[in-house]
Amino acid sequence: MPTLLAIQVSPRPEGSISRTLTSLFVDQWQATHAGGAVVVRDLGAAPPPFVDVSWMIGAYSPAETHSPEVAATIKVSNDLVAELQAADHIVLGTPMFNFGIPAVLKAWIDQIVRVGVTVSADNVGLLTDKKATIILATGGNFAPGSPIEGYNLASGYLRQLFGWIGITDVEIILADRATAGANGETAAEAFGAPVRAAAA
Ligand SMILES: Cc1cc2nc3c(=O)[nH]c(=O)nc-3n(C[C@H](O)[C@H](O)[C@H](O)COP(=O)(O)O)c2cc1C
């Protein structure tokens, strides 16, 4: 049975465009993948810890040498990696913050990019046969042809990052409030069609 990992990033529990559209994706995916399992990882509600010295020791030394503190630190990373490994499809709903991604999403990325675990020492991504859909909510208009299209550093970064760990089948849906006048309530109307198509 297929598994969908749904990652929510927005700090807003209500009125969030990315949350609304990611939930819509999940509903459509469930309707079209009978028996499939959905795992939700809410980074906005429970941000992962930043990488620290304990994490670095844990990631770069054998498990049998780990102190209880290091073991507990690296377990957080191991659990997040296991969620990714178990998923067939990942839907990531995130706002753009200052032309890039929110810090909580970067914290998650730093937890799941692991040499020898998700990317090999010779730069081969190890998470194969997976697909990702990224729903990027922005205040500005970054559509092709917009004068500020090139300011969008989030799309290229996320595509490169997923590719780095082996997930090269990535679709990005720009949920652009300036273009469509969307807010959390009207987002489904404005962007529902591409989201439903990606989920199906
Ligand atoms: C701290 C912060 C930084 C933001 N930076 C940008 C930005 O650089 N470009 C942009 O178009 N919108 C920016 N926005 C607007 C959000 O991307 C937009 O409101 C988005 O809909 C938020 O996602 P959500 O609706 O899922 O909560 C920013 C919002 C916040 C709170």
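Strands β1 and β2 run parallel and are joined by 6 bridges; two strands count as paired when DSSP finds at least two bridges between them. Across this pairing, leucine 4 faces valine 38 in β2. Helices (H or I, at least four residues) and strands (E, at least two) are DSSP runs, numbered from the N terminus.

This is a predicted model, where local features need pLDDT of at least 70, side-chain atom pairs count only at pLDDT 80 or more, and totals for chains, interfaces and linings use all residues. Residues are numbered from 1 along each chain as its sequence is written, and side-chain values use heavy atoms, leaving out hydrogens and water.

Stepping back to the sheet, 5 strands form an open sheet in the order β2-β1-β3-β4-β5, with parallel pairing. Because β2 and β5 (169-176) stand at the edges with a single partner strand each, one side of each has no neighbour in the sheet.

Now for the helices. Helix α1 packs on the sheet and touches β1, β2, β3, β4 (131-138) and β5, contact meaning heavy atoms within 4.5 Å. Buried residues (under 20% relative accessible area, with over 50% exposed and partly exposed in between; 1.4 Å probe, protein chains only) of α1 include Leu21, Phe25 and Trp29. In α3, Val70, Ile74 and Leu84 are among the buried residues, and what covers the buried residues of α3 includes β1 (3-8), α2 (53-59) and α4 (103-112).

The expected span below is 1.5 Å times one less than the number of residues.

| Helix | Length | Expected span | End-to-end C-alpha distance |
|---|---|---|---|
| α3 | 19 residues | 27 Å | 26 Å |

Methods:
Axes fitted to C-alpha atoms, helices over the stretch in contact; angles between N-to-C directions.
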